[in-house]
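Morning, everyone. I'll walk through the structure on the screen, chain by chain.

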Amino acid sequence: MNLIFILTVMALFIGLTWYIITPLLSGNMNSPITVNKHDLNRKKTLLLRQIKELDMDHHIGNISDEDYAINRRLLKREISEIISEIKNVS
Amino acid sequence: MTPVLGSISLSLALGISAVSILLFSLFLKSEDYRFYLAGWRAALSVSVLSILATFFLLNELLISNFDIKYVAHYTSLETPTFYKITALWAGQSGSLLFWLFILSVYSLIVLAQYKNSFTKLMPWVSIVLVAVQSFFLILVNFVENPFSPTDADFVVVNGNGLNPLLQNLTMAIHPPTLYLGYVGFTVPFAFAIAALVTKDTGSLWVRSIRRWTLIAWLFQSGGIILGGWWAYQELGWGGYWAWDPVENASFMPWLTGTAFLHSIIIQEKKGMLKTWNMILILLTFTLCIFGTFLTRSGVMSSVHSFAVSNLGPVFLGFIAILLVVCTFLIIIRFPILKSEKQIESFTSRESGFLFNNVIFCVICFAVFWGTIFPVLSEAIRGEKITVGAPFFNQVNVPIGLMLLFLTGVGPLLVWRRTSKEAFIKNFTIPVLTGLVIFVFCFSMGLRNATLISFPLCGFVTMAILIEFQRGIKSRVTRFNESFLGALKMLISKNRSRYGGYIVHLGIMFMFIGFSGNAFDSETEFAIKTGETKEFGGYNFELVNIQPIERPNHIAWIAGLNVWNFHHELVTTLFPEKRVYFYKDPNPDKRQPHSELDIYSTLNKDIYSIFSGVDMEQQIAYLKIMINPLVWWVWFGGYVLIFGTMISLWPAKDSE
């Protein structure tokens with residue numbers, strides 16, 4: 001094995017080690033966000049989509065009026081809660 | 001130098017994977033974000049190093065470095081460049097490295113995409129991904145190292161070359177596609193484990209991994225179809241599915257994955273089947289590993305070869321760990337996995353989904369049992385009892401028809417309970433369509449399974465069309481759109497659902513193709529140039545036999561005119577008889593191979609195989625098969641892929 005090869009491998013090893021341990025050398029960090037806004041927004045989008053699908057299911061007759069009303073109310077309540085949570089996080 | 005760099009990359013990756021898991025564990029214990037960031041960087045490094053190692057091996061294959069055992073075994077100087085690349089997944093150690101490569105690419109995407117989202121789940125998702133990577137790193141470092149040097153005390157000037165059967169474009173695409181499917185299920189698996197550990201088992205994780213599951217499912221489906229296409233085009237037995245253990249290995253996770261894709265709809269909409277969904281996705285991944293184990297351990301050829309293979313016990317150990325961990329997690333989380341609601345009626349859409357799931361699992365179990373039975377019989381009784389295609393067909397044809405029936409029934413049922421009026425309204429037209437086709441088939445003399453399958457195909461098609469019609473009608477009334485505009489908007493605003501229906505149409509087309517098997521016919525004959533033979537309503541005229549030399553083989557090409565009974569030329573087929581490694585002084589190393597030629601139409605394929613040649617007498621030995629409706633299998637495959645891509649396309653939430 002020649003010197004260049006050994007140096008290449010060493011450089012790779014040191015570079016990787018440095019890349020990995022750099023965050024550990026900084027000051028103590030708590031998790032930047034405990035309740036993630038991304039996650040809440042994702043949840044909100046998914047629920048809105050669910051309401052849209054429910055509306056369509058009801059319109060084409062795949063769900064009864066009674067079930068539609070109950071499910072829609074539940075989904076709306078869930079969205080309201082998430083919107084409040086997003087406001088709190090903001 | 002490059003092989004050593006490859007080995008070093010793999011060793012470093014293995015070491016860093018352990019560090020990564022440790023750092024994530026420290027983060028979970030201390031909640032100090034620095035550990036998460038360092039663990040995340042370590043996980044990225046594992047993936048990058050694994051990808052790097054794969055490129056190192058690829059480089060060695062391309063430059064034909066026969067000092068590496070793998071390169072000498074699977075390529076030669078005559079191997080075309082394209083097949084030198086595909087040799088990466090032709091052998092044991094290469095394909096394990098390729099598994100790792102794909103997993104690393106997936107991991108990189110997941111790590112980059114979700115670095116700052118799924119805060120609760122991501123540390124565990126990362127741990128699982130890195131743990132699976134570690135398993136494959138252990139394999140390529142200690143059991144099957146692709147960079148092992150050649151065991152020869154002389155300079156190897158040329159390699160063995162790639163198996164001729166693998167020198168085919170489809171075979172070049174099929175394994176990577178299938179691997180993308182197998183490996184892709186690691187991502188939903190990681191999310192499932194994370195959801196179980198963190199007790200976050202609501203519908204969010206299910207919705208969030210649906211796209212990942214669909215991606216894996218798309219590749220798995222594509223891989224299976226391509227495998228069938230390759231078998232049909234290359235193996236020369238006239239079929240596309242032989243219930244071979246390797247085929248079954250890819251089919252089993254597909255079945256459970258498909259069941260999962262259906263049952264998560266119930267969890268999203270109704271909060272039901274949470275435990276079932278967990279079991280399905282965990283089982284799907286375990287079956288992916290089991291499939292890799294079946295194909296790579298040599299256990300299917302004989303339990304004795306398994307005993308001498310190093311891979312088998314390691315894989316079995318990993319599967320055992322997976323099963324123990326998954327079972328333990330499901331048991332301890334059982335209380336929070338309980339359904340929020342119960343299925344209220346037999347005639348509800350929920351029941352339809354549940355029946356469909358049961359059928360998928362029954363088929364999976366039948367395939368599993370038939371696949372492992374020879375191994376079990378050899379291990380227990382010392383006698384290998386092979387379960388052939390007749391067993392699989394006998395069991396799976398009726399269950400498959402039941403599944404086809406449910407594909408049509410599902411969209412016609414209403415959520416929670418289908419009232420009598422809705423039942424009559426929704427089922428009348430599809431049932432009548434099925435009945436009309438049944439009467440027609442009966443009058444045409446059909447008496448086998450096709451008498452059921454063709455009417456069911458009609459029933460399913462009509463059920464799907466009605467679902468489209470109802471959706472379009474709804475949009476026309478609500479948004480005052482034109483018919484075509486409503487169709488376009490219906491699909492684009494509900495990609496997941498209507499993409500799914502298109503997939504169902506694809507499956508229905510495939511069933512039409514499968515039904516054609518019942519009418520297959522074949523003959524074999526020796527024919528002299530200028531002679532004509534009659535078979536299946538056609539005259540086959542051998543025009544000439546032409547020898548031709550190509551870079552890696554010699555071939556004899558038969559020019560075969562096919563005439564119909566009206567004396568019109570239908571087509572000219574050119575099946576070939578090839579001999580690979582024909583320059584090798586050792587005649588045992590020369591490999592004969594028949595390259596088929598197929599004339600494919602909507603209603604039948606004319607399939608020609610050149611089995612042997614006598615150049616002195618100008619005689620060709622040919623096998624001709626008439627295979628009805630095979631075209632529909634491939635067409636159904638395209639439709640299935642198209643439908644899945646529609647489902648995958650990101651939805652716009654502007655309306």
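One definition before the numbers: two residues are in contact if their C-beta atoms, placed from the backbone, lie within 7 Å. Keep that in mind. And one caution: what you see is a predicted model.

Now apply that contact definition to chain B. Take the contacts between residues at least 6 apart in sequence. Of these, 72% join residues at least 24 apart.

Next, overall dimensions. The C-alpha atoms of chain B fill a box of roughly 80 × 75 × 55 Å along the principal axes. Chain B holds 20 helices and 10 strands. How much of chain B is buried? Buried residues account for 49% of its 655 residues.

Lys425(B) belongs to helix 16 of chain B, residues 420-443. Is Lys425(B) buried, exposed or partly exposed? It has 14 C-beta neighbours inside 10 Å, so it counts as partly exposed. The cut-offs here: buried needs 20 or more, exposed means 12 or fewer.

Helix 1 of chain B covers residues 2-30. Its 29 residues should span 42 Å at 1.5 Å a residue, and the end C-alpha atoms are 41 Å apart, which agrees. Just after this helix, Glu31(B) takes a positive phi of about 60°.

Helix 19 of chain B runs over residues 495-515.

On to the strands. Strand 2 of chain B, residues 532-535, and strand 3 of chain B, residues 538-550, pair antiparallel over four bridges. Glu534(B) stands opposite Asn539(B) in strand 3 of chain B. The two strands form a hairpin, with two residues between them. In that turn, Gly536(B) has a positive phi of about 60°.

A second hairpin follows. Strand 4 of chain B, residues 553-564, runs antiparallel to strand 5 of chain B, residues 569-573, and four bridges join them. Val562(B) stands opposite Thr571(B) in strand 5 of chain B. This hairpin has four residues between its strands. His567(B) is in the turn.

Stay with phi for a moment. Most residues other than glycine have a negative phi. Which way does His567(B) go, positive or negative? Positive, at about 60°, although it is not a glycine. It lies in the loop between strand 4 and strand 5 of chain B. His567(B) has 7 other C-beta atoms within 10 Å, so it is exposed.

Leu273(B) also has a positive phi of about 60°, and it is not a glycine either. Its place is the loop between helix 10 (245-270) and helix 11 (274-297) of chain B. Here the surroundings are another matter: Leu273(B) has 25 C-beta neighbours inside 10 Å, so it counts as buried.

Now chain A. It has three helices and zero strands. Along the sequence the pattern reads α-α-α. Of its 90 residues, 14% are buried.

Look at helix 1 of chain A, residues 3-25. Its 23 residues reach 31 Å from first C-alpha to last, close to the 33 Å expected at 1.5 Å a residue. Where does this helix bend? At Tyr19(A), by about 30°. A proline, Pro23(A), follows within four residues.

Last, the interface. The contact takes 35 residues from chain A and 32 residues from chain B. On the side of chain A that touches chain B, the elements giving two or more residues are helix 1 and helix 2 (37-59) of chain A. Which gives the most? Helix 2 of chain A, with 12 residues. By class, that side of chain A has 17 nonpolar, 11 polar and seven charged residues.

That's the tour. Thanks.

Key
Residues are numbered from 1 along each chain as its sequence is written. Chains are lettered from A and ligands numbered from 1 in the order in which they are written. This is a predicted model: local features need pLDDT of at least 70, side-chain atom pairs count only at pLDDT 80 or more; totals for chains, interfaces and linings use all residues. The expected span of a helix is 1.5 Å times one less than its number of residues. The bend at a residue is the angle between axes fitted to the seven residues ending there and the seven starting there. Ala, Val, Leu, Ile, Met, Phe, Trp, Tyr, Cys and Pro count as nonpolar, Asp, Glu, Lys and Arg as charged, and the others, Gly among them, as polar. Two strands pair if DSSP finds at least two bridges between them.
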